[in-house]
Amino acid sequence: MTEREAPSVGVVGGGPWGRALATAARRTGAEVVLHSRRDQADSDPGLHVTVDYAEVAKARLVVIAVPSSVARSVLRALGDHLGGQHLVVHGVRGLGVDELTTVSDLVREETPARRLGALGGPVQAGELIEGRPSAMVIGSRFPEVLTAVTRAFQSPSLKVYGTNDLRGLEWASALVGCLSIGVGYAEEAGAGPGLLAALISRAVDEAARLMAAAGCEERTMFGLGGYGDLLASIALEDRPEVVLGKALARKVPLDQAIAMAKLRVEAIPLIPRIVRFADERRVEANTFRTLSEILAGGRPQAMLDRMFAGSS
Amino acid sequence: MKDDAPIFGFNAAREDIVRSVVSRVVLSAKDPLLALNDAAYHETKRLEASKRGPEEQKELAEWQKLARSLGRMGDGERREKLASLVEHMGWDVAGNFDPRVFKVSSKLLPPVVTSLLAPRTLVRLARDPKRLVSLSALDDKVRVEGPVEELRELSRHGTAVYVPTHLSNMDSIVFGYALERAGLPPATYGAGKNLFTNPVLSFFMHNLGAYRVDRRIRHNLYKDVLKTYSCVLLERGYHSLFFPGGTRSRSGGVERRLKLGLMGTAIEAYARTLIANRERRVYFVPATINYLITLEAETLIADFLAEAGKGRFIIEDDESSRLGRVTSFMRKMFDMQGAVVIRFGKPIDPFGNVVDERCRSFDRRGREVDPSSYVKDDGGRVTLDPVRDAQYTRELGDEICKAYLRETVVLETHVVAAASFERLRRASPAGDLFTVLRQRDVVVVPRDDLARDVVKLRDRLVELADRGEIVVGGFLRTASGGDIVERALRAFAGYHASPVLASRPDGIAIADTNLLFYYQNRLAAHGMAWDVIAPPGMAPARPPVFAKPASPEATQGGLS
């Protein structure tokens, strides 16, 4: 009779992203328990799947991989089983629209855990599942969180980079989500490689300035968790934000475009909110303003011109 | 009953404490050569730049000699030298606590000063407390608010770290008095060394359990001694008082960024009690000290307005060193009800959780948490980890700043200053701060207009207070605009050297714009007054959004 070892990594979220992270951790030899609301058998017999948060909390490192729309309720339920010893890391893209709260702010509000981190970077679920080489970023101010995540996920096919700018990484991920819509839009509207590169570079610069106004480090946006993540959108035809952007460029109405993207696009309510933030802080935000108009049904060519206009 | 607080046995334990500090600092010094070189470099630089008396001359020569001979010393000799230096610093920092002086001064201090006694007479009188008048007369002048009962019980179950806002050199004395009034045990604290040389305040500093912090000394060895000293005190259960703002607020504003060094020692102290198997929990009590008028307002705001970089880090010659000013300040205090309000906030643990009166920690969803779980590693062992603790402390600092905003007590002078200053701004709409400030004796506001502005502002503040974002006291809540203005005028008059607001036949003349700026700044971080004092890198506070239609929602620029 083999007794199951105490899990070293708990993953919350039975969707593709959660399963991909569980697979990646399994690849390093970690004992993984996956929380999924659907109690379905997994193709990987070594993966312990549960519907019980208490089981996940037996691991010291807990990774949250649920859509941002349910993050709060999941964290609240999970929080009953967590304590100060837990290292809680999330891979959730998005910012709260009301107060621009980050998901780690939510973790702090809903659980007693304080040693927190976030995952970011260009890595895709598919790469993790298939073991194709890719790179991921972990942001945390606690060195032991950086160490634990690196140990749990780094393998010959996945390089894990650490940053202590947790907030910056969370903002960068969210802003990249917004800008990916623009990438899809510009591609579909016929922007060539040179123009696309110019649009992306200027958009990244703008995002970095916004982040500085939000108390983050600018360089985080220029790194793997920002620029790197955004570059991946160029090749990712099926990234929901890119699909949405392309549909809008073809003058598909917003609600139909959303349906085509299949997955929820967190960036839609966030874009106008970022524009408001930019106004409040007096940061120039031409790209986000343009994206906001695109969402409101602006005309493609005029929009492309506008995106590239603006000062300096 | 509270005489069992460890501070009452401090003098007996002092030697032991200094010894622990010295051995801990010396043992943790990995490279004595580096530590000594750093110390010699900074001390030589400091002493060369200072006005040198014979004492400093001698010190300088010693440091120079040390710097020259360090290279030739063997490791053993360096360690010895390090130990002797650290021991010297340890004793220099260690304070004194005289229970007799504590009892007398915390009850009787203010009348003593008002009786215009010179410090020397005070020492004599302190030996014979019966000759002093009782000070219950002060009880309604100084208000003490907050969860006092809970804090009293809590002080029996854990070690308190009081972290109040800092405006004045009177703060430590006033806060000590507030603790006594609240029935809380006294707290030890690190006071700037200049307070020990201040002719008026030094007596209390020496005998109220203060230890000396010489902020002119910049080298790491000294900082280690200070932090270790604070840590050892907390470990032994001494309730402590830190002013996490570092120095007195120059602008008059509520602190928005804190110096975390000393606060960070709390987690190490707690972890050490766990390692020693005698857990003693540590909790923080944010508090605000609110003055109707501030003793050193003129000097502080002048320093704030001095050209960038020219502001002084340590001010030794301000109002608090002049007996006449302290006396007239005290008189003012006696004259006005609620001239000083000390408000304790809700206690929290070093990890930002709220604690109840038994020192149990609860997270934001009300679940009980074991605080020791935050300092354990992978294997469940308690560890000392300065990097980890620095991060916890940073987040704690944010929580404390939020508490400062919630616990700020608005007083009449703040409201009237903010309303008058708004008038000044309107008189030069495009003006920068200095253009606005230059309008001395230019603007006269009809009394009724000012009263109306004051009421409008007061009503908003009350709304904010009802949401728990600030505190508005009883008088201010219900008084008429005219009465509020009158009370502010009375508070200003007779203390500040020149009139702040002058009463004229045609209205109220805005006279001392600098001081009005100083007092309005108390509401800046709330977005309730012009915020030009936000710390570097921090966005100015924006006016809160009010439910009433009168609010400036149009400026929010929402999405169409």
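The exercises below, each with a worked solution, concern a predicted model.

Residues are numbered from 1 along each chain as its sequence is written, and chains are lettered from A and ligands numbered from 1 in the order in which they are written. In this predicted model local features need pLDDT of at least 70, side-chain atom pairs count only at pLDDT 80 or more, totals for chains, interfaces and linings use all residues, and side-chain values use heavy atoms, with hydrogens and water left out.

**Exercise 1. Describe chain A by its helices and strands, its buried share and its contacts.**

Step 1. Chain A has 15 helices and eight strands. Helices (H or I, at least four residues) and strands (E, at least two) are DSSP runs, numbered from the N terminus.

Step 2. Of the 312 residues in chain A, 57% are buried. Buried means under 20% relative accessible area, exposed over 50%, and partly exposed in between (1.4 Å probe, protein chains only).

Step 3. Among contacts in chain A with a separation of 6 or more, 67% are between residues 24 or more positions apart. Contact means heavy atoms within 4.5 Å.

**Exercise 2. Work out how helix 20 of chain B packs with helix 16 and with helix 18.**

Step 1. Two packed helices are described by the angle between their axes and the distance between the axes. Axes are lines fitted to C-alpha atoms, for helices over the stretch in contact, and angles run from 0 to 180 degrees between N-to-C directions.

Step 2. For helix 16 (residues 412–427) and helix 20 (residues 481–492) of chain B, the angle is about 105° and the axes are 8 Å apart. These two helices of chain B are therefore roughly perpendicular. Angles under 35 degrees count as roughly parallel, over 145 as roughly antiparallel, 65 to 115 as roughly perpendicular and the rest as oblique.

Step 3. Helix 16 of chain B contributes B:Glu412, B:Thr413 and B:Val416, which meet B:Ile484, B:Val485, B:Arg487, B:Ala488, B:Ala491 and B:Phe492 of helix 20. By class, the residues of this contact are six nonpolar, one polar and two charged. Ala, Val, Leu, Ile, Met, Phe, Trp, Tyr, Cys and Pro count as nonpolar, Asp, Glu, Lys and Arg as charged, and the others, Gly among them, as polar.

Step 4. Helix 18 (residues 447–466) of chain B meets helix 20 at about 100°, with the axes 8 Å apart. Helix 18 and helix 20 of chain B are therefore roughly perpendicular to each other. Among the residues in this contact are B:Leu450 and B:Val454 of helix 18 and B:Gly481 and B:Ile484 of helix 20. The contact of helix 18 with helix 20 in chain B has six nonpolar, two polar and three charged residues.

**Exercise 3. Decide how enclosed helix 21 of chain B is, and describe its ring pair B:Tyr518 and B:Tyr519.**

Step 1. Seven of the eight residues of helix 21 (residues 513–520) of chain B are buried, so the helix is largely enclosed by the rest of the structure. The buried residues include B:Leu515, B:Leu516 and B:Phe517. Their packing partners include helix 16, helix 20 and strand 14 (501–504) of chain B.

Step 2. There are 13 aromatic pairs over all chains. In one, B:Tyr518 and B:Tyr519 have ring centres 5.1 Å apart and planes at 90°, so the pair is edge-to-face. Rings of Phe, Tyr and Trp (its six-membered ring) pair if their centres lie within 6.5 Å; planes under 30 degrees apart count as stacked, over 60 as edge-to-face and the rest as tilted.

Step 3. B:Tyr518 has a relative accessible area of 2% and is buried; B:Tyr519, at 1%, is buried.
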